[in-house]
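Below is a short briefing for a reader new to this structure.

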Amino acid sequence: MNNLFIGLFLATLIIALFSTRLYSLFWWYLLNSLMLSLLALTIGFQTYDNAMIISGSITLVLKVIIVPYLLKVMSQKYNLARQIPPNIKAQYSVLLIPAILVFTFYLAEPIVEVMHHHANYVAISISSLFFALLLIIQQSTITGKIIGFLMLENALFLLGTTATDGMPLIIEFGIFLDFLMTIVIIILAFEKQEVQS
């Protein structure tokens, strides 16, 4: 079951790279967060880790329900463009995706030799980080970049979960708050720019 969730997590991130509509990007972020929360809950129940179960539950409520709703409200409030043309053409992304996957599996090889379990998960988590960074670079709109930052935070959570058999809850909160503050600053800058124009 864990293999299914982590595979779908990576798939939603890759598909998000090819999204050209804002609402479809919201949906891919929602599904990405859903796979992450289900993975955390599954690992939590398998290992009887209460902190992981709490993290999975909070992720389910916060990132699957509240954050996508707020993003949709914000997009409607500011009448943001529905079409989001990417900065990187699709044919270049098609070449970059397998290159990143091969590079990250090569990069994770020393880690794989040390770890006896979740070895491929770590490689996929590292590639997810690169894909999230690529999504941030690729997006030409402020909302697309915000979603890229949120998916980057999801990838960090996945890396912490797979590499350490469960990231401490307080560290996950700290990372999420850092990203949340970054997003708030971006939104405030966007509002200021709208007022000036």
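Which pattern does the chain follow when read along the sequence? The pattern is α-α-α-α-α-α-α-α, and the secondary structure comes to eight helices and zero strands. Helices (H or I, at least four residues) and strands (E, at least two) are DSSP runs, numbered from the N terminus. This is a predicted model, in which local features need pLDDT of at least 70 and side-chain atom pairs count only at pLDDT 80 or more, while totals for chains, interfaces and linings use all residues. Residues are numbered from 1 along each chain as its sequence is written, and side-chain values use heavy atoms, with hydrogens and water left out.

**Whole chain**
- The chain has 197 residues, and 46% of them count as buried (under 20% relative accessible area; exposed is over 50%, partly exposed in between; 1.4 Å probe, protein chains only).
- Among contacts (heavy atoms within 4.5 Å) with a separation of 6 or more, 73% join residues 24 or more positions apart.

**Helix H4**
- Helix H4 covers residues 90-107, which is 18 residues, and reaches 25 Å from its first C-alpha to its last.
- That is close to the expected 26 Å (1.5 Å times one less than the number of residues).
- Ser 93, Ile 97, Ile 100 and Thr 104 are the buried residues of H4.
- Seen down the axis of H4, these buried residues fall within an arc of 75° (taken from the directions from the helix axis to the C-beta atoms), so they line one face of the helix.
- Exposed Leu 95, Val 102 and Tyr 106 sit on the face of H4 turned away from its buried side.

**Tyr 69**
- Tyr 69 lies in helix H3 (residues 50-77).
- Tyr 69 counts as exposed because its relative accessibility is 56%.
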